[in-house]
Amino acid sequence: MQISHWEQTTYYREADIVIAGAGLMGLWSAWELLQKNPHLAITILDKYPTPLGASTRNAGFACFGSLTELISDEATMGTDAMLAIVEMRYKGIEKIKQLFEEKEIDYDACGGYETLLSSHAAYSSLTERIDYFNQLVFPFIKTNAFELASNRLSILGLKNFDALIFNRCEAGIHSGKLVNALSQKLIARGVKILFGNGIESYHSSNKQIEILLTNKATIKAGQLLLATNAYTNAITGKNWVTPGRGQILLSSPITGLKTIGTFHFDEGFYYWRNIGDRILIGGARNANFEAEETTDLNGSDTIRHVLSDFLQKHFNDPITIAQSWSGIMGFTKDKKPLLVQLEDNVFAATACNGMGVALSPVWAETVAATLL
Ligand SMILES: Cc1cc2nc3c(=O)[nH]c(=O)nc-3n(C[C@H](O)[C@H](O)[C@H](O)COP(=O)(O)OP(=O)(O)OC[C@H]3O[C@@H](n4cnc5c(N)ncnc54)[C@H](O)[C@@H]3O)c2cc1C
């Protein structure tokens with residue numbers, strides 16, 4: 001396609017930095033770059049008419065981690081690395097709260113719960129584990145995050161669980177409003193966001209990059225950041241990120257709904273929350289790990305049935321499903337956020353691993369510092 005002079009000097013103008021991906025990682029990276037240098041010409045490209053990966057299709061938890069997830073992370077990555085990520089997530093939530101009015105993004109400081117079965121390895125030592133993790137996070141949270149709250153299970157309309165842990169620092173958020181509000185702030189600061197036009201390939205020479213877009217137009221830039229999460233492999237041809245499909249069901253309105261707040265089960269593999277008088281539930285990837293390592297957004301009946309059965313087994317209220325969708329997460333092998341330099345001035349970043357809402361605002365600071 002031929003590009004007009006007018007388009008060339010506006011939409012496809014030469015940029016200091018082009019960011020591929022208008023999800024939370026791309027947007028927060030642009031925000032942090034502008035904090036360091038407000039004069040940067042930044043263009044963000046997204047392949048789809050709206051951001052289509054994880055950021056606008058997630059469950060809307062502003063969470064820093066459930067107790068059993070932290071136990072599992074500590075076992076796999078060690079105490080210091082686990083704690084560093086928890087601190088980043090905590091600071092990320094604080095940053096979101098500072099930048100946006102609560103009502104702008106439906107921020108709901110409802111707290112979070114984790115449900116447990118007595119078969120879980122941590123069940124017999126819950127009080128000790130809670131004390132241990134409270135002490136670990138106290139230096140930056142300045143309060144006890146976790147407390148045992150099993151007596152609230154029936155008040156919250158839940159059954160067939162053996163224990164409940166409350167986490168006072170977690171919250172609910174409207175993911176669409178967050179992405180939209182952050183995009184608006186960037187546009188107001190001169191960032192161009194092009195939708196429906198992704199990066200097809202790039203060619204780097206003489207400290208300049210020529211980026212070929214899906215509509216065959218090109219943009220020249222000084223630096224390129226791939227914030228394309230699970231789609232990064234398709235662009236780079238290398239296996240940086242493993243896709244993980246997350247599926248979600250949303251119920252019809254439930255009169256007198258008692259299950260208010262955000263909830264986790266099974267190291268975060270199952271999660272649910274109320275949205276007004278409806279229940280959103282997602283997860284169960286571990287019911288069919290291999291099949292869910294995909295970027296196919298269609299979802300599967302297998303997982304939808306597992307989630308529906310879960311609702312029947314654990315909720316007192318009868319629940320009918322009104323809507324379902326899926327989104328695509330990206331996972332790194334070590335569960336740590338990723339920042340790699342692919343060429344002199346080409347980088348890829350993802351705050352992935354299923355927790356990007358809280359992590360991306362802080363990981364973006366590292367990304368911006370590295371690029372500049
Ligand atoms: C079902 C589900 C539930 C989740 N729940 C939570 C939660 O409650 N709390 C939480 O913290 N995290 C949650 N997550 C994870 C969180 O949403 C992600 O960690 C975060 O959104 C990742 O942001 P990102 O910008 O790295 O990736 P994405 O949001 O996936 O953004 C990547 C972008 O790249 C674009 N793209 C793809 N190909 C190209 C191309 N060639 N050129 C240009 N652009 C391209 C895509 O359209 C997309 O907009 C969930 C994820 C899913 C899927």
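What follows is a chat about the terms used for this model and the values behind them.

Modeller: First, the ground rules: this is a predicted model, so local features need pLDDT of at least 70 and side-chain atom pairs count only at pLDDT 80 or more, while totals for chains, interfaces and linings use all residues. Residues are numbered from 1 along each chain as its sequence is written.

Colleague: How many helices and strands are there, and what makes a stretch one or the other?

Modeller: The protein has nine helices and 18 strands.

Colleague: How do you know whether the radius of gyration agrees with a compact globule?

Modeller: The rule for a globule is 2.2 Å times the number of residues to the power 0.38, with the radius taken over C-alpha atoms. For 372 residues that gives a value near 21 Å, and the protein has 21 Å, so the two agree. Along the principal axes, the C-alpha trace spans about 65 × 45 × 40 Å.

Colleague: Why is Gln208 called partly exposed?

Modeller: Count the other C-beta atoms, placed from the backbone, within 10 Å of a residue's own: 20 or more is buried, 12 or fewer is exposed, and in between is partly exposed. Gln208 has 13 such neighbours, so it counts as partly exposed. Gln208 sits in strand β10 (residues 208-213). Tyr48, in the loop between β2 and β3, also counts as partly exposed because it has 13 C-beta neighbours inside 10 Å. Over the protein, 44% of the 372 residues count as buried.

Colleague: What does Gln208 touch, and what makes it a contact?

Modeller: A contact needs two C-beta atoms, placed from the backbone, within 7 Å. Leaving out residues up to four places away in sequence, Gln208 touches Lys220 and Gly222. With the same exclusion, Tyr48 touches Phe195 and Gly196. In the protein, among contacts between residues at least 6 apart in sequence, 73% join residues at least 24 apart.

Colleague: Which residues of α3 are buried, and where do they pack?

Modeller: In helix α3 (residues 67-77) they are Leu67, Thr68, Glu69, Leu70 and Asp73. They pack against α4, β4, α5, β5 and β6. Just after α3, Gly78 takes a positive phi of about 90°.

Colleague: Which residues meet where α2 comes up to α6?

Modeller: Leu24, Leu27, Ala30 and Trp31 in α2 meet Val179, Leu182, Ser183 and Leu186 in α6. By class, that contact has seven nonpolar, one polar and no charged residues. Nonpolar means Ala, Val, Leu, Ile, Met, Phe, Trp, Tyr, Cys or Pro; charged means Asp, Glu, Lys or Arg; the others, Gly among them, are polar.

Colleague: What puts a residue in the shell around the ligand, and how many are there?

Modeller: Its C-beta atom, placed from the backbone, has to lie within 6 Å of the molecule. The ligand is surrounded by 44 residues, and the closest are Gly23, Gly53, Gly198, Gly246 and Gly356. The largest share of the shell, four residues, comes from α9. By class, the shell divides into 24 nonpolar, 17 polar and three charged residues.

Notes: Helices (H or I, at least four residues) and strands (E, at least two) are DSSP runs, numbered from the N terminus.
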